[in-house]
Amino acid sequence: MTRKTPIKPQLWTPRPVSETIAVYRDWAGDYDADLATRGYHTPARLVEGLAAHVAPETTVLDFGCGTGLSGTALLRRGFTHLHGTDVTPEMVELARAKVIYEELWVSEPGAPMPRAYDAMVAVGVVSLGAAPPETLSLLVDGLSPGGILALSFNDPTLEDGSYDAVLDRHLDRGEVALLSRDHGPHLDDVGMGSDVIVLRRA
Ligand SMILES: C[S@@+](CC[C@H](N)C(=O)[O-])C[C@H]1O[C@@H](n2cnc3c(N)ncnc32)[C@H](O)[C@@H]1O
């Protein structure tokens, strides 16, 4: 396969949250068309991982919903009660236009969940270049007992190790159990993979 130069070469690096929001603000208008040409596989893979443990009538929080590509994948898999949130207003505006979320809001970076959820996804969000590693703890805290969280770590995040360190802490404390973890394709154009990780809250 011919690999294109990444359009956002600076994407998969750590940066202050204000810069992350600026990156996604500037990308919002082209994001859906751009991802459509790149071969973006993680949403469908992650939703399959969720569906193995969560009934379709469950309300699912799409954390870091962006423009709603992850919500669209949930909807295609039969999940119809969707809530969404993201820190970038321009991404949320485009998600709102898709009319797939029952509740949708712009979140403050690091803000706790406004309520507990039985099911959450974070597709391409808790990763280098987007939300910092401690965001995983916010998501774990926002799960109901027995609740399911499906999230992805892309290859640069796996190499970085700091996100796995937070995950290992929660696993070691018995706060979550690992239900599945599978590596597969993330973005075709850059030949990048991701781990899809499914967790159950104790
Ligand atoms: C690669 S996009 C993924 C969007 C969507 N889930 C998808 O699959 O297309 C990453 C998203 O994470 C959001 N994000 C970055 N930092 C965040 C944070 N601290 N809390 C919530 N969302 C964040 C960005 O605004 C962006 O929309």
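Me: Where does the ligand sit?

Reply: The ligand sits in the largest pocket. That label applies when more than half of a molecule's atoms lie within 2 Å of a pocket's grid points. A pocket is an open set of points on a 1 Å grid over the protein atoms alone, where a 1.4 Å probe fits, with protein on both sides within 12 Å along at least five of seven lines; lining residues have an atom within 4 Å of a point. Keep in mind that this is a predicted model, where local features need pLDDT of at least 70, side-chain atom pairs count only at pLDDT 80 or more, and totals for chains, interfaces and linings use all residues. Residues are numbered from 1 along each chain as its sequence is written, and side-chain values use heavy atoms, with hydrogens and water left out.

Me: Which residues around the ligand come nearest?

Reply: A residue counts as near if one of its heavy atoms lies within 4 Å of the molecule. Here there are 19 residues around the ligand, and Tyr31, Tyr40, Gly64, Asp86 and Thr88 come nearest. By class, that shell has twelve nonpolar, six polar and one charged residues. Ala, Val, Leu, Ile, Met, Phe, Trp, Tyr, Cys and Pro count as nonpolar, Asp, Glu, Lys and Arg as charged, and the others, Gly among them, as polar.

Me: Which helix gives the most to the shell around the ligand?

Reply: Helices are DSSP runs (H or I, at least four residues), as are strands (E, at least two), numbered from the N terminus. H1 gives the most, with three residues. Helix H1 (17–38) and helix H3 (69–76) each supply at least two.

Me: How far is an oxygen atom of the ligand from an N or O atom in the side chain of Tyr40?

Reply: A polar contact is a pair of N or O atoms within 3.5 Å. For the Tyr40 side chain, the distance to a ligand oxygen is 2.6 Å. The side chain of Thr88 also has an N or O atom 2.6 Å from an oxygen of the ligand. Ala131 uses its backbone instead: an N or O atom there lies 3.5 Å from a ligand nitrogen.

Me: How much space lies in the largest pocket?

Reply: A volume is the space filled by probe spheres set on the grid points, which are joined across faces, edges and corners. For the largest pocket that is about 690 Å³. Its lining has 46 residues, with Gly64, Gly124, Val125, Ala130 and Ala131 nearest its centre. H1 brings the largest share of this lining, six residues.

Me: Which residues line the second largest pocket?

Reply: Among them are Leu35, Tyr40, Pro43 and Arg76. The volume of this second pocket is about 190 Å³, and H3 provides the largest share of its lining, four residues.

Technical notes:
Polar contact = N/O pair within 3.5 Å; in protein donor to acceptor, adjacent residues only side chain to side chain.
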